[in-house]
Amino acid sequence: MLGKVCGSLTKLQFCRKIYPTTRSSSNLSMSEPVILRVLASSVKIADRAGQIVRDIMAGGQLGIVEKTGKNDLQTEADRSAQNCIVASLQAQYPDLTVVGEEGEQDLSQVPAEWIVRDYEEKALSLNCTDDLSSAKMSDLTVWVDPLDGTAEYTQGLLDHVTVLIGLSLGSRAVAGVIHQPYWNYKNKGGPIGRTFYGLVGGGVVGLNPIPPPEGSRIVATTRSHGTGLIQQALEIIQADTVLRVGGAGHKVMLLMEGQAHAYVFPSPGCKKWDTCAPEAILHAMGGKLTDMKGQTYQYHSQVEHRNSDGVLATAKASDHAWYLDTIPQVLRYHTPGDYQCGQ
Ligand code: AMP
Ligand code: MG
Ligand code: MG
């Protein structure tokens, strides 16, 4: 039985300083750049959130509710994973601005074992360009999608699911963590889950970027939020293969691992928490993610949450212009009437 979240929920997505805490101890050296400290913590926090996502599925009580409609779901895993992430960040970095997909939640009952305080040592040695290393806490916004691919999670397509933590400096997406809680899950007895992360100008750790194959065109797009415009764009591109898969994080991962050349989504359903981490990591490895007009999204904390002009991402930045040139403007430039939330 589905519950119903009232329409005001989506207005409560700005979660700043919602978790006042006296536990501000961090064993990270204050001499490390702030951005690396937050990134290093986020890696471990994403791992913990992924464990929560698996535990809730294993327990079988998904607690599904509709947010804006039947194509926009939230489960207990979305809520709990966000609580873990936001409470952990706020415990260590009380002045950090964090925007979570699931809105402002009551963090007073978050179990102590969900509060992560350790950090990924290796992340502290990433090369940090001057502008990034001088960033102050107040310059950063963290965009949290605690469970990307909720529809697929509820349908058992578990490898489409990711936990996304993206860091923006001012308006730019500059760093990100992607955790895939069900990576390798079909290999019984093998390790489960993986985490990788990246920093623009500093490279990527935890994933070996593989270029997509020459001589073919493989395009990834939505499987659960399709529209006529998306279909028309795909036909014009004449892809050899169209991969209809869930999750923004998952689709960008396909680009990173050589399984697709492009991610094409001329529709306004994605939000900043869907694209911040994937965009930063993709850019760190030489790809490109923009809206369907070719413009880079902004990620400062006051920005509109919705990615109104869709998503166009390519594994190789040099391929990006071809898609902009080939897909006609009429399919790339939306009017507000094209879209209804939860479509
Ligand atoms: P998809 O590619 O359909 O898996 O979507 C990628 C991300 O964007 C997911 O977090 C979806 O929930 C979100 N999204 C895309 N389209 C819509 C839509 N029409 N309504 C609500 N969320 C959407
Ligand atoms: Mg998402
Ligand atoms: Mg989500």
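## Strands that pair

Two strands pair if DSSP finds at least two bridges between them. Keep that idea in mind as you look at this predicted model, where Gln180 stands opposite Arg194 in strand 9.

Gln180 brings us to strand 8, which spans residues 172-180. Strand 8 has strand 9 (residues 194-199) as an antiparallel partner, with six bridges linking the two. Strand 8 also pairs with strand 7 (residues 162-169), again in the antiparallel sense, this time over seven bridges. One bridge to look for joins Leu167 to Ala175 in strand 8. Strand 7 and strand 8 form a hairpin with two residues between the strands, and in this hairpin Gly170 has a positive phi near 60 degrees.

How many of the residues of strand 8 are buried? Nine of its nine residues are, so strand 8 is mostly covered, given that a residue is buried if 20 or more other C-beta atoms lie within 10 Å of its own. As a general point to carry along, side chains in a regular strand alternate between the two faces of the sheet.

## The chain as a whole

Now take a step back. The protein chain holds nine helices and 15 strands. It has 343 residues, and 48% of them count as buried.

Contacts also tell us about the fold. Among contacts in the protein chain with a separation of 6 or more, 75% are between residues 24 or more positions apart.

## A buried helix

Helix 7 covers residues 272-284, which makes 13 residues. From its first C-alpha to its last, helix 7 reaches 18 Å, close to the 18 Å expected at 1.5 Å a residue.

Why is helix 7 described as largely enclosed by the rest of the structure? The reason is that 13 of its 13 residues are buried. In general, an α-helix has 3.6 residues a turn, so residues three or four places apart point the same way.

Start with Ser138, in the loop between helix 3 (130-133) and strand 6 (140-148). Is Ser138 buried or exposed? Ser138 is exposed, because 10 other C-beta atoms lie within 10 Å and a residue counts as exposed with 12 or fewer. Ser138 and Leu169 are 31 residues apart in sequence, yet their C-alpha atoms are 9.1 Å apart in space.

Next is Asn184, in the loop between strand 8 and strand 9. Asn184 is not a glycine, but its phi is positive, near 70 degrees. With 13 other C-beta atoms within 10 Å, Asn184 is partly exposed. Finally, look for Gln238 in the loop between helix 5 (228-237) and strand 12 (241-244). Gln238 has a positive phi too, of about 55 degrees, although it is not a glycine. Gln238 has 9 other C-beta atoms within 10 Å, so it is exposed.

## Around ligand 1

Which residues are the closest to ligand 1? They are Thr222, His225, Gly246, Gly269 and Cys270, out of 16 residues that surround the ligand. By type, the shell around ligand 1 has three nonpolar residues, ten polar ones and three charged ones.

Conventions:
Residues are numbered from 1 along each chain as its sequence is written. Chains are lettered from A and ligands numbered from 1 in the order in which they are written. This is a predicted model: local features need pLDDT of at least 70, side-chain atom pairs count only at pLDDT 80 or more; totals for chains, interfaces and linings use all residues. A residue is near a molecule or strand if its C-beta atom, placed from the backbone, lies within 6 Å of it. Ala, Val, Leu, Ile, Met, Phe, Trp, Tyr, Cys and Pro count as nonpolar, Asp, Glu, Lys and Arg as charged, and the others, Gly among them, as polar. Helices (H or I, at least four residues) and strands (E, at least two) are DSSP runs, numbered from the N terminus. The expected span of a helix is 1.5 Å times one less than its number of residues. Two residues are in contact if their C-beta atoms, placed from the backbone, lie within 7 Å.
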